[in-house]
Amino acid sequence: MTEVAIVGAGLIGLAIAWRTAQRGVSVTLIDDQPERAASRTAAGMLAPISELHYGEQKLLQLGMRAAQRYPEFVAQLREASGIDVGYRRCGTINVGLDNDDHRALGELFDYASTQGVQLQRLRGRECREAEPLLAPSVRGGAAVESDHHVDPRKLLAALRVAAESAGVTIVSSRVQELHCDADQVHGVRLDGGETVDAPKVVIAAGCWSASIAGVPLAARPPVRPVKGQLLRLKAPAGTPFLRHTVRGLVHGAPVYLVPRSDGELILGATCEEQGFDLRVTLEAIYTLVRDARLLIPGITELELVEISTGLRPGSPDNAPIVGPHGPRGLYWATGHYRNGALLADITAAGVANLLTTGVLPSELAPFSAHRFATFSLKTSQRWPS
């Protein structure tokens, strides 16, 4: 018997497990394939401003609060795990390649300014002064110094160590179904037939959250997989390729490049509605390399280290789904889409508070699962084995 069972050992599940165990609660975390978590293939940008889209004001405010508390989160995690998670405060340069791209970015920047966002507009020459490798054709953009990034793979490793050190039991098994009746959760049944008894279950299984058997249809959140493909490149030792994260619009298509302190450069990422397809496709990789080369011609000289795909958990409004919904004792923490790394700790702290006091913090209240109560997700998809 455990007090809380958590399904899913990606960034969100691990962070919730750690923060909940810190409060003296017994926690069991269950996942047979944590390597498939979207966070293993994410770039790790902590960029609520550069990720801003029209109509996402509440998400922007949550992301900005999450970014403000990130340095403390990183410091606490390093103390608990001994692992440096690659947190860098290098800022973002957002650029438009041609006049149409520059105009589209300018309209978004105008919208951002109405939300109290601070950014510095840049002419093309100023963009190249900030990043000398940018192509002469870049028309202009904006600098966002408050955007940072982290290495998600190191973050996953640190959270796992911290969670285990805090007493979390990690079970490598597939959850076959949620064990509940109409009124109360009783735990989960695993693939081998054994059960993990728990009066509280948190489902943090990313894009698979809605397809776990046993969850009442009316309680399933409307999450879906959004495929992303990216490349990991490597600059020669001792050669800093970029000073900032660079995000660009290239003939209307987005592309980003995230530099790590060890010389690694992340190039991504596609956004594809292809279901649970994890194939690497030539078209996607060609498009990323082509567009990145138009922004930064020298990128083709770098070593190609890895090509990977991941499935982001998208929701209808691109915002997370957090809180209780369904039988008593059933909680959700999914749908983080583009912001899993950024929102991991603010989500975890909020869910830990909910589990121990019954109160979901006000900053997470707009993202309650109840906002989709009239949305019925009909799916025959099962959590894959």
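# Chatting through cavities and salt bridges

Reader: Which residues line the largest cavity?

Author: The lining is made up of Pro 48, Glu 51, Leu 52, Glu 56, Leu 59, Leu 60, Gly 63, Arg 338, Asn 339, Leu 342 and Leu 343. Keep in mind that this is a predicted model.

Reader: OK, and which elements give two or more residues to that lining?

Author: Helix H2 (57-81) and H7 do. H2 gives the most, with three residues.

Reader: How does the lining split by class?

Author: There are six nonpolar, two polar and three charged residues around the largest cavity.

Reader: How much space lies in there?

Author: The largest cavity holds about 80 Å³.

Reader: And how many cavities of 30 Å³ or more does the structure hold?

Author: Three of them.

Reader: Salt bridges next. What does the count come to?

Author: The count is 23 salt bridges. One of them joins the side chains of Arg 19 and Asp 345, at 2.8 Å from N to O. That pair links distant parts of the chain, with Arg 19 in helix H1 (residues 11-21) and Asp 345 in helix H7, 326 residues apart.

Reader: Are Arg 19 and Asp 345 buried or exposed?

Author: Both Arg 19 and Asp 345 are buried.

Reader: What does Glu 363 form a salt bridge with?

Author: Its partner is Arg 69, and the closest N and O atoms are 3.9 Å apart. This pair also links distant parts of the chain: Glu 363 is in the segment after H7 and Arg 69 is in helix H2, 294 residues apart.

Reader: Why do you call Glu 363 partly exposed?

Author: Because its relative accessible area is 22%, and partly exposed covers the range between under 20% for buried and over 50% for exposed. Arg 69 is partly exposed too, at 27%.

Reader: What about Glu 306 and Arg 153, how far is it from N to O?

Author: Their side chains meet in a salt bridge at 2.6 Å. Glu 306 lies in strand E17 and Arg 153 in helix H5 (residues 152-165), so the pair ties together parts 153 residues apart in sequence. Glu 306 counts as partly exposed at 24% relative accessibility, and so does Arg 153 at 25%.

Reader: Which residues are linked with them in a network of salt bridges?

Author: The network links Asp 151, Arg 153, Arg 232, Arg 260, Glu 264 and Glu 306.

Reader: Now the surface. Which residues form a nonpolar patch there?

Author: Val 280, Leu 304 and Ile 307 form one, with about 230 Å² of accessible area together. Leu 304 is found in strand E17 (residues 303-314). That leucine is partly exposed, with a relative accessible area of 47%.

Reader: Last one: where is Ser 362 found?

Author: Ser 362 is in the segment after helix H7 (340-357). With a relative accessible area of 66%, Ser 362 is exposed. The C-alpha atoms of Ser 362 and Gly 350 are 9.0 Å apart, and the two residues are 12 residues apart along the chain.

Notes: Residues numbered from 1 in each chain as written. Predicted model: local features only at pLDDT ≥ 70, side-chain atom pairs only at ≥ 80, totals over all residues. Heavy atoms only, no water. Helix = DSSP H or I, 4+ residues; strand = E, 2+ residues; numbered from the N terminus. Buried < 20%, exposed > 50% of the residue type's maximum accessible area, 1.4 Å probe, protein only. Patch = residues over 30% accessible without salt bridge, like charges linked within 9 Å, V, L, I, M, F, W, Y side chains within 5 Å. Areas by Shrake-Rupley, 256 points an atom, 1.4 Å probe, with all protein chains shown as cover. Salt bridge = Lys/Arg side-chain N within 4 Å of Asp/Glu carboxyl O. 1 Å grid on protein atoms, 1.4 Å probe; cavity = no way out; pocket = protein on both sides within 12 Å on 5 of 7 lines; lining within 4 Å. Points joined across faces, edges and corners; volume = space filled by probe spheres on them. Nonpolar A, V, L, I, M, F, W, Y, C, P; charged D, E, K, R; others polar.
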